[in-house]
Amino acid sequence: MPYFDPHIHMSSRTTDDYENMVAAGIVGVVEPAFWQGQPRTHVGTFIDYFNTLIGWERFRASQFGMRHYCTMAINPKEANNVPLAEDVMKILPRYCQKDGVVAVGEIGYDDITPAEERFFAEQLQLAKEMELPVLIHTPHRDKKRGAERSLALVKEAGIGEEWVVVDHLTEQTLPLVLETGCWRAHSLYPFTKMTEERMVALLQQYGTEKMIVNSAADWGRSDPLKVAKMAEAMRAAGFSEAQIEQVLFYNPVNFYAQSGRISVEELLTPARIDQTQLWENNSVLRGQTPIVRQ
Ligand SMILES: [Zn+2]
């Protein structure tokens, strides 16, 4: 059964992770643009980062048989540097038109400041103009208020709720999103936030419609195999294969398919691997024989 991880920061992961994910049945990933652990000081570093997401990282994934898509945005944390965020807003429309870019995101609130709200609202408008779905990050502190204000801002922006996924939900915030037409995403972490067991309980209570699960793995403690582990947890809890497929493949792919740049058909076609290929003269090989698989 194919799985899809709709939120993972692969730039911070190793090639072993790609190999292990493919072996576990994960056929594609969405890598949302986010911060880099320390504040960026120039718009140029955003340009290079965005180019990496659509360039090298996409290539690197393909070398291991993984299909890679991404989202583009100025993230909530760095939205607080207003002059920089204004510069990033100027380059975003160009990146939103690139192949493999399937949404605007992750946008939303971090500390719920006026600057965060300004760029959150502006990027909702950008998504509308670009006819792209939106990935909303909900804050890890003051979660309920962050989710409420995010949903209010979506309404105010006049963007169709079916174009929006609200991420990092918990028992506290999921019911708020269930009152809307937005899609519902949950990040499973090894030590904090949501676990497989709690996620199974949410699916038992609320059903599988528009429900999405991701690993949100990055350079912190996280697990890129969480989507595959969630399948095992659902199986053990008695969910049908069709329900598992819906939550861990069809829901996220159908959500991002609204961009017109990703499809179920594409993901169900086995990926071709050609490790003889180079990206700007660089390869992922370190002396091993290149694999070519049609
Ligand atoms: Zn993230």
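## Helix α5 against helix α6

Axes are lines fitted to C-alpha atoms, for helices over the stretch in contact, and the angle between two of them is taken between their N-to-C directions on a scale from 0 to 180 degrees. In this predicted model, the axes of α5 and helix α6 (residues 143-157) come within 10 Å and cross at roughly 45 degrees. That angle makes α5 oblique to α6, since angles under 35 degrees would count as roughly parallel and those from 65 to 115 as roughly perpendicular. The crossing in which α5 passes α6 is right-handed.

On the α5 side, the residues in contact are Glu117, Phe120, Ala121, Leu124, Gln125 and Lys128, and they meet Arg149, Ser150, Leu153, Val154 and Ala157 of α6. Sorted by class, the residues of this contact comprise six nonpolar, two polar and three charged.

## Helix α2 against helix α4

Helix α2 (residues 43-54) and helix α4 (residues 82-96) have axes that come within 9 Å of each other and cross at roughly 30 degrees. The two helices, α2 and α4, are therefore roughly parallel to each other, because an angle under 35 degrees is counted that way. Their crossing is right-handed.

From α2, the contact draws on Val43, Phe46, Ile47, Phe50, Asn51 and Ile54, while α4 contributes Leu84, Asp87, Val88, Ile91, Leu92 and Tyr95. By class, this contact of α2 with α4 holds 10 nonpolar residues, one polar and one charged.

## Helix α9 against helix α10

The crossing of α9 past α10 is right-handed.

The α9 residues Val227, Met230, Ala231, Met234 and Arg235 meet Glu241, Gln243, Ile244, Val247 and Leu248 of α10. The contact of α9 with α10 has, by class, seven nonpolar residues, one polar and two charged.

## Tyr256 and its surroundings

Tyr256 has its place in helix α10, and at 2% relative accessibility this residue counts as buried. Not counting residues up to four places away in sequence, Tyr256 touches Pro6, Val30, Thr71, Val102, Ala103, Pro133, Leu135, Val165 and Ile262. One of these contacts can be described in more detail, for Tyr256 and Pro133 are 123 residues apart in sequence, yet their C-alpha atoms are 6.7 Å apart in space.

Is His7 buried or exposed? His7 is buried, with a relative accessible area of 1%, and Glu106 is likewise buried, with a relative accessible area of 5%. Glu106, which lies in strand β4, also takes part in a backbone feature that deserves attention when the chain is traced: the peptide bond joining Gly105 and Glu106 is cis, with omega at about -10 degrees.

Ile112 is not a glycine, although its phi is positive, at about 60 degrees. This residue lies in the loop between β4 and α5 (114-130), where Ile112 counts as buried at 12% relative accessibility.

Glu280 likewise has a positive phi in a residue other than glycine, with a value near 45 degrees. The place of Glu280 is in the loop between β9 (273-274) and β10 (292-293). Glu280 is exposed, with a relative accessible area of 67%, whereas Ile112 is buried.

Note on methods. Residues numbered from 1 in each chain as written. Predicted model: local features only at pLDDT ≥ 70, side-chain atom pairs only at ≥ 80, totals over all residues. Heavy atoms only, no water. Left-handed = near helix turned anticlockwise from the far one by under 90°. Helix = DSSP H or I, 4+ residues; strand = E, 2+ residues; numbered from the N terminus. Contact = heavy atoms within 4.5 Å. Nonpolar A, V, L, I, M, F, W, Y, C, P; charged D, E, K, R; others polar. Buried < 20%, exposed > 50% of the residue type's maximum accessible area, 1.4 Å probe, protein only. Parallel < 35°, antiparallel > 145°, perpendicular 65-115°, else oblique.
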